[in-house]
Protein chains: 2
Amino acid sequence: MNTLMTIPADVRLAGRSGQFTQPTAGCAPGFIQANMMIVPQAQAFDFLLFCQRNPKPCPLVEVLGPGQVEPACAPGANIATDLPGYRVYRDGELVEERSDISALWQDDFVTFLIGCSFSFESAVMQAGIPLRHVDQGRNVTMFRTNMACAPAGIFQGPMVVTMRPIKSRDVAKVVEVSGRFPLAHGTPVHIGNPQTIGIYDLSKPDYGDAVEILPDEIPVFWACGVTPQAVAQASRLPLCITHAPGKMFVTDILG
Amino acid sequence: MNTLMTIPADVRLAGRSGQFTQPTAGCAPGFIQANMMIVPQAQAFDFLLFCQRNPKPCPLVEVLGPGQVEPACAPGANIATDLPGYRVYRDGELVEERSDISALWQDDFVTFLIGCSFSFESAVMQAGIPLRHVDQGRNVTMFRTNMACAPAGIFQGPMVVTMRPIKSRDVAKVVEVSGRFPLAHGTPVHIGNPQTIGIYDLSKPDYGDAVEILPDEIPVFWACGVTPQAVAQASRLPLCITHAPGKMFVTDILG
C-alpha cells in the first residue's frame, strides 16, 4: 500500500483492509475528500441545522440516512470501515482511535460528510499561486477565531479558520478560484487584519503548523472543516465519531 | 393597503393586520421572497435532509429552530402572522386556508423558508430577456416531471418544474443569469425536449397557466418551489402548514 493510489475505491478498500492507516492527502487526486462526523439521530437534526446555517465551515457533501453506511457519493463504500482512521468521543472526550468502527455501529447513527480544502488547494496551485504549507510539507495553519458560528440547538461555538499567506497581487485571483469550490469552503471569510477576528499571533496556530509570512504577502483566512468537530466535541455529545486528522473519506465525485 | 409596498416590514405588518390578503408578487422589489413550510419536529430531520439532497427545488433561505417564529432573515417578523395567507394540511389533505396560524402554533413547529423564483425573474427581465407569463399577467407554467427527487425518510416524489419559453439566442444568457441566484432555484434543470422529462403536452400544465411557445423559442425548465409542498403533502404528514399560493414570506434579504 502507498499514498499514491489514484482510484478512490482503491483508497477505500485499502482503508477497509486495515493495512492503509496513513493520511489521505495526495490520494486519488481530483476527487473530493470529506471530513466525517457521525452523531446519533437524537442530535442529527440540530447538527444538520448547524451545517445548514454555517455553510462555509460545514459544506455538506452528503448526509446519510440513519443507520446507512453506503454513501451515494461512493457506491459500494462502507463508511464504518473505509477510512484509514477514526476517533471516538464520549461526553466530548477522545476515548479511542481505531481503524474500523463496525463493532460500534448503531442503527441510529447519522453520518455527515463535510467538504475539505484539498480540491481548492489543487486548483489554486494549478492557477500558479504557490501554497507555502504544501511546498514545505507542513499541515495547514489553523486558528480559533472570535467569529461565532450561527448556533443550532446544542451546537454552538467559534469558527476555526485556516490561514494561507498569499501575495498581494494574487489575493483577488485566490478569491475567484476558491469561490468555484463551495464544497471546499468557498471564498475566504477574512482577508488581512488577523486581530479583527481575534488572532493576535500568526506564529502560534491553535492547530497545524506555523508558516512564515513574507513582506509582500497578506494572510488570507478560510472557514475550516475542523469547526464542526470542535463544536460537536464542545457540546459534549454522549457519543460522536469523526475521521482521524487527515484521514479523510475519499468520494467518487470529481472536485 | 396595496400591492406596491416597497419595504419588506410594511408587507409583513400588512399581512399581520389581516387587511392584506393578496399575493406578494411585485411587493418589496429586490427582496427575497420565500415559500414557507412548517412541519412538526418529528418530521423535521427528514424534511431538512430532503432539502439538503434536493437543493435546486428546495433552496433553503432559512430553517427556524423548533417553536421559533422570528426568522434571522427578518428581525421583528412573526412567521405565524405575517404572511397574507396560510394553508393547513392534515394527513395530506387541505383542511383550511386562513390568514393567521397563531391559534394553531405548537412548540415543536419547525419552519422552512425556501427560495422562490421572483428574484431571478427580475434579473432576467433586467438583462433584456422577456418573460411571457409576466408580460401577460399569468401564473408561471408548472409541470410534474418524471425526474425523481432524492428521497429522504418519508419524503419522496417527482420534481415539479416551471417552464418559460426563451428565444434560442437568449438561452445561454438565461442560464448565466439564473445561475447567479442559487436561492431562486439557480440554473435550469432541463432545456428543450420536454418529453424526456415526462412532459407530453406543453399546453396542459399541472399547475399555473399555459403560455404560447413561438417558433424561435425553446422551452426552458427550472426546479420549482412547489416540489417540497407536493412531496410533503403526498407523504401524508399528520400536520403541515404552508403559505397560500403566491402569498409568500417577504424577507429583509436583498436577492
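Mentor: In chain B, strand β6 (residues 141–148) and β7(B) run antiparallel and are joined by 5 bridges. This is a predicted model, in which local features need pLDDT of at least 70, side-chain atom pairs count only at pLDDT 80 or more, and totals for chains, interfaces and linings use all residues. Residues are numbered from 1 along each chain as its sequence is written, chains are lettered from A and ligands numbered from 1 in the order in which they are written, and side-chain values use heavy atoms, with hydrogens and water left out.

Trainee: What makes β6 and β7(B) a pair?

Mentor: Two strands pair if DSSP finds at least two bridges between them, and here there are 5. Strands themselves are DSSP runs (E, at least two residues), as helices are (H or I, at least four), numbered from the N terminus. Within this pair, B:F143 has B:V161 as its bridge partner.

Trainee: Which other strand pairs with β7(B), and over how many bridges?

Mentor: Strand β9 (residues 217–223) of chain B does, in the antiparallel sense, over 7 bridges. There, B:T162 is partnered by B:W222.

Trainee: Why is strand β5 of chain A called largely enclosed?

Mentor: Buried means under 20% relative accessible area, exposed over 50%, and partly exposed in between (1.4 Å probe, protein chains only). In β5 (residues 109–115), 7 of the 7 residues are buried, so the rest of the structure largely encloses the strand. A:F109, A:T111, A:L113 and A:G115 point one way, A:V110, A:F112 and A:I114 the other, and all are buried.

Trainee: Which strands are joined to β5(A)?

Mentor: Strand β1 (residues 31–40) of chain A runs antiparallel to β5(A), with 7 bridges; A:I38 is partnered there by A:T111. Strand β2 (residues 60–63) of chain A is also antiparallel to β5(A), with 3 bridges, and A:L60 has A:I114 as its partner.

Trainee: How do you know that the two copies are related as by a two-fold axis?

Mentor: Superposed by least squares on the C-alpha atoms of residues with pLDDT of at least 70 in both, chain A can be laid on chain B with an RMSD of 0.0 Å by a turn of 180° and a shift of 0.0 Å along the axis. The two copies are thus related as by a two-fold rotation axis.

Trainee: What makes up the contact between chain A and chain B?

Mentor: Counting heavy atoms within 4.5 Å as contact, 14 residues come from chain A and 14 residues from chain B. Buried area is the accessible area (1.4 Å probe) that two parts lose on being put together, summed over both; here it is about 1,100 Å², with carbon and sulfur atoms giving 66%. A:F45, A:L48 and A:Q52 supply 50% of the area that chain A buries against chain B, more than any other three residues.

Trainee: Why is A:N193 called partly exposed?

Mentor: Its relative accessibility is 48%, so A:N193 counts as partly exposed. A:N193 lies in the loop between β8 (190–191) and β9 (217–223) of chain A.
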